[in-house]
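Work through these exercises with the model open beside you. Try each task before you read its solution.

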Amino acid sequence: MEPYKCGMIPGPSGQRSADIDDEFYELYDSVTKKLEKMLYAPKGSAVVMVGEGMLALWAGLKSTLKPGDKVLSVATGIYGYGIADMCRDMGAVVEVVGTEYNETVSDGLLNQIRTKAEEFKPKLITAVHCETPSGTLNDRLGDVGKISASVGSLFYVDFVSSGMGAHVNC
């Protein structure tokens, strides 16, 4: 896009806006296609949001849940437990299958997740790929995703801190 002067004044100003410029849409389309390729994501599934990581995390929850919906949170660290709290704050009914902060998804935890998911029938199952404060990476999210699919749940994964640094296999 060509640079242009931005007056930075309130109200209508006659200045061009990048978000309605054809060049912006071409650039956005190019970026989302590259993002989908990097994430091995289906065509048309990537969205670029301008803001900090919490913007995308809240947007995913707010666009999926309503008060009373059931959520099963897989918590292996402070972020996983935090997502459970976010869901509770929205009025969701939350069950947590959790570990200590220095553990990751294991065979034993998968069995607990499967049992709880089959009993609870959540609308959404949540998990965190990389628990940055603990320094742990959950590389068994593909198995959690299979459990989620088997009970008809959506699968929500926080991969804010790992998305471009480690393969997310869900």
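## Exercise 1: The largest pocket

The largest pocket has a volume of about 1,200 Å³. The model is predicted.

**Task.** Find which residues are the closest to the centre of the largest pocket, and which element supplies the largest share of its lining.

**Solution.** 
- Step 1. Start at the centre. The lining has 36 residues, and L39, S45, V47, V157 and F159 are the closest to the centre.
- Step 2. Move to the elements. At least two lining residues come from each of α1 (22–39), α2 and β6 (154–158).
- Step 3. Pick out the largest share. It belongs to α2, with six residues.
- Step 4. Sort the lining by class. It has 25 nonpolar, nine polar and two charged residues.

## Exercise 2: The second largest pocket

**Task.** State how much space lies in the second largest pocket. Then say which elements give two or more residues to its lining.

**Solution.** 
- Step 1. Take the volume. The second largest pocket holds about 150 Å³ of space.
- Step 2. List the lining. It is made by M54, L57, I78, Y79, G82, I83, M86, C130, D158, V160 and S161.
- Step 3. Assign the elements. Those that give two or more residues are α2 and α3 (78–89).
- Step 4. Find the largest share. Five residues come from α3.
- Step 5. Sort by class. Eight lining residues are nonpolar, two are polar and one is charged.

## Exercise 3: A salt-bridge network

Side chains of opposite charge can pair when their charged atoms come close.

**Solution.** 
- Step 1. Count the salt bridges. The structure holds seven.
- Step 2. Look at D69 and K66. Their side chains form a salt bridge at 3.3 Å, N to O.
- Step 3. Buried means under 20% relative accessible area. K66 has 49%, so K66 is partly exposed.
- Step 4. Look at K123 and D69. Their side chains also meet in a salt bridge, at 3.2 Å, N to O.
- Step 5. K123 is in the loop between α4 (107–120) and β3 (124–128). D69 is in the loop between α2 (53–62) and β1 (70–75). The two are 54 residues apart, and the pair links distant parts of the chain.
- Step 6. Check K123. Its relative accessible area is 30%, so K123 is partly exposed.

- Step 7. Look at E95 and K116. Their side chains meet in a salt bridge at 3.5 Å, N to O.
- Step 8. E95 is in strand β2 (residues 93–98) and K116 is in helix α4, 21 residues apart. This pair, too, links distant parts of the chain.
- Step 9. E95 is partly exposed at 29% relative accessibility. K116 is partly exposed at 24%.
- Step 10. Join the shared partners. K66, D69 and K123 form one network.

## Exercise 4: A nonpolar surface patch

**Task.** Which residues make the nonpolar surface patch of about 220 Å²? Then locate V48.

**Solution.** 
- Step 1. Name the members. The patch is made by L27, V31 and V48.
- Step 2. Locate V48. This residue lies in the loop between α1 and α2.
- Step 3. V48 has 33% relative accessibility, so V48 counts as partly exposed.

Technical notes. Residues are numbered from 1 along each chain as its sequence is written. This is a predicted model: local features need pLDDT of at least 70, side-chain atom pairs count only at pLDDT 80 or more; totals for chains, interfaces and linings use all residues. Side-chain values use heavy atoms; hydrogens and water are left out. A salt bridge is a side-chain nitrogen of Lys or Arg within 4 Å of a carboxyl oxygen of Asp or Glu. Buried means under 20% relative accessible area, exposed over 50%, partly exposed in between (1.4 Å probe, protein chains only). Helices (H or I, at least four residues) and strands (E, at least two) are DSSP runs, numbered from the N terminus. On a 1 Å grid over the protein atoms alone, a cavity is a set of points where a 1.4 Å probe fits but cannot get out, and a pocket is an open set with protein on both sides within 12 Å along at least five of seven lines; lining residues have an atom within 4 Å of a point. Grid points are joined across faces, edges and corners, and a volume is the space filled by probe spheres set on the points. Ala, Val, Leu, Ile, Met, Phe, Trp, Tyr, Cys and Pro count as nonpolar, Asp, Glu, Lys and Arg as charged, and the others, Gly among them, as polar. Patches are made of residues with over 30% relative accessible area and no salt bridge: like charges are joined within 9 Å, nonpolar side chains (Val, Leu, Ile, Met, Phe, Trp, Tyr) within 5 Å. Accessible areas come from the Shrake-Rupley method with a 1.4 Å probe; for residues, only the protein chains shown count as cover.
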